[in-house]
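User: Hi! I'm new to reading protein models. Could you walk me through this one?

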Amino acid sequence: MSCPGDVRPAPDGRTTGTADVRAVGGIVVRTRGGGLSLRVPARALVVSVALLAVLVVVAGITLTTGDFDLTVPEVLRALAGNGSGGADFVVNTVRLPRLLTALFVGAALAVSGAILQSLSGNSLGSPDIIGFTNGAATGALLVIIVLHGDMTEIALGALAGGLATAVAVYLLVFSGGLHGFRLVVVGIGVSALLLAVNQYLITRTSLEDALEAQAWLIGSLNSRGWEQANGAVVAVAVLFPFAFRYARRMSMLEMGADTARALGVRVERTRLVLLVVSVALAACATATTGPIWFVALAAPQLARRLTRHSGPGLAPAALMGAVLLAVSDLAVQRLFSPAIVPVGTATGTIGGLYLIWLLVTESRKSRA
């Protein structure tokens, strides 16, 4: 029995690359020679294609509309390096890096949340609820306020803060066995503590630094250029392969630690690697844009509901995260123009409503 996303030797030994649909559902793709096979759930594939189509539409609207409207041919010429000076500046310097930052930060947050929700077995398990986002923000704030560091130093500070928070949570929760409810409760406490630390840091600095730090804490894509976009792309390119490599083991862990051990999974090592990947993704995203709330919480759950798949579903989750953040940023740019509204305001508002709905739904399930 193959698991979604499982890569294993093909059972029939066919020698040509094929793709076919099995009775168990999904599309099976084999390498030429039949050495490896991959089963992709059909519904997950359809949802992923649909999300990609939405991303193309959102990208088109983002690049063509605004204070300086452009046609699609003008945008394409600018992307190819053949556009006019004004179109080239608007597309390649202003809009494209901001769009790419939104796409890759959204994907990173979504995969980070999907990993934590899978590990904890709790739909509230996400880096912003558990405290990893606030920990990353603490590390970044220390660099901004104390060291007056540049973008690279802020990213390293955010990563260090997120990892330190993860170590604290690991010692408090994981060493005694992973329990989803305990993880969420301890994480909420750690998050509240770190939030207080962040506010204290702001009160102990100069007015100029405090305003800069407070603006960064809201979470924004305003004025994000190629430095931030390239950082987000590199983080995703480095960390996503580890996440997808361990996707099958996550599916096994969801069946229980004992079952996973019986299937040959090194449970503690797998959890530790996945935790580090999740924290690193959240920290890099936070360093790039500041804390963007609720994308990591909502995107994996929405992707699961659309795909109707019980596994972690990292690819649909990543696409959903990219869609949520790109659409939210497009909305704040077009609906509130000329005012400059941080995208964190939009995701916080929508995410808060989603969190209320999720808590009500989970409460009804527990009573049933």
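User: Is R304 buried, partly exposed or exposed, and why?

Analyst: This is a predicted model. In it, R304 has 24% relative accessibility, so R304 counts as partly exposed.

User: Which residue does R304 form a salt bridge with?

Analyst: The partner is E254, and the closest N and O atoms are 2.8 Å apart. E254 is partly exposed because its relative accessibility is 31%.

User: Where do R304 and E254 lie?

Analyst: R304 lies in helix 13, while E254 is in the loop between helix 10 and helix 11, so the pair ties together parts that are 50 residues apart in sequence.

User: New topic: how much space lies in the largest pocket?

Analyst: About 580 Å³. It is lined by 21 residues, and those closest to the centre of the pocket are D67, V94, R98, Q333 and R334.

User: Which helix gives the most to that lining?

Analyst: Helix 3, with six residues. By class, the lining has nine nonpolar, seven polar and five charged residues.

User: Last one: which residues make the nonpolar surface patch of about 280 Å²?

Analyst: That patch is made by V72, L76 and L79. L79 lies in helix 2, and at 41% relative accessibility L79 counts as partly exposed.

Conventions. Residues numbered from 1 in each chain as written. Predicted model: local features only at pLDDT ≥ 70, side-chain atom pairs only at ≥ 80, totals over all residues. Heavy atoms only, no water. Patch = residues over 30% accessible without salt bridge, like charges linked within 9 Å, V, L, I, M, F, W, Y side chains within 5 Å. Areas by Shrake-Rupley, 256 points an atom, 1.4 Å probe, with all protein chains shown as cover. Salt bridge = Lys/Arg side-chain N within 4 Å of Asp/Glu carboxyl O. Helix = DSSP H or I, 4+ residues; strand = E, 2+ residues; numbered from the N terminus. Buried < 20%, exposed > 50% of the residue type's maximum accessible area, 1.4 Å probe, protein only. 1 Å grid on protein atoms, 1.4 Å probe; cavity = no way out; pocket = protein on both sides within 12 Å on 5 of 7 lines; lining within 4 Å. Points joined across faces, edges and corners; volume = space filled by probe spheres on them. Nonpolar A, V, L, I, M, F, W, Y, C, P; charged D, E, K, R; others polar.
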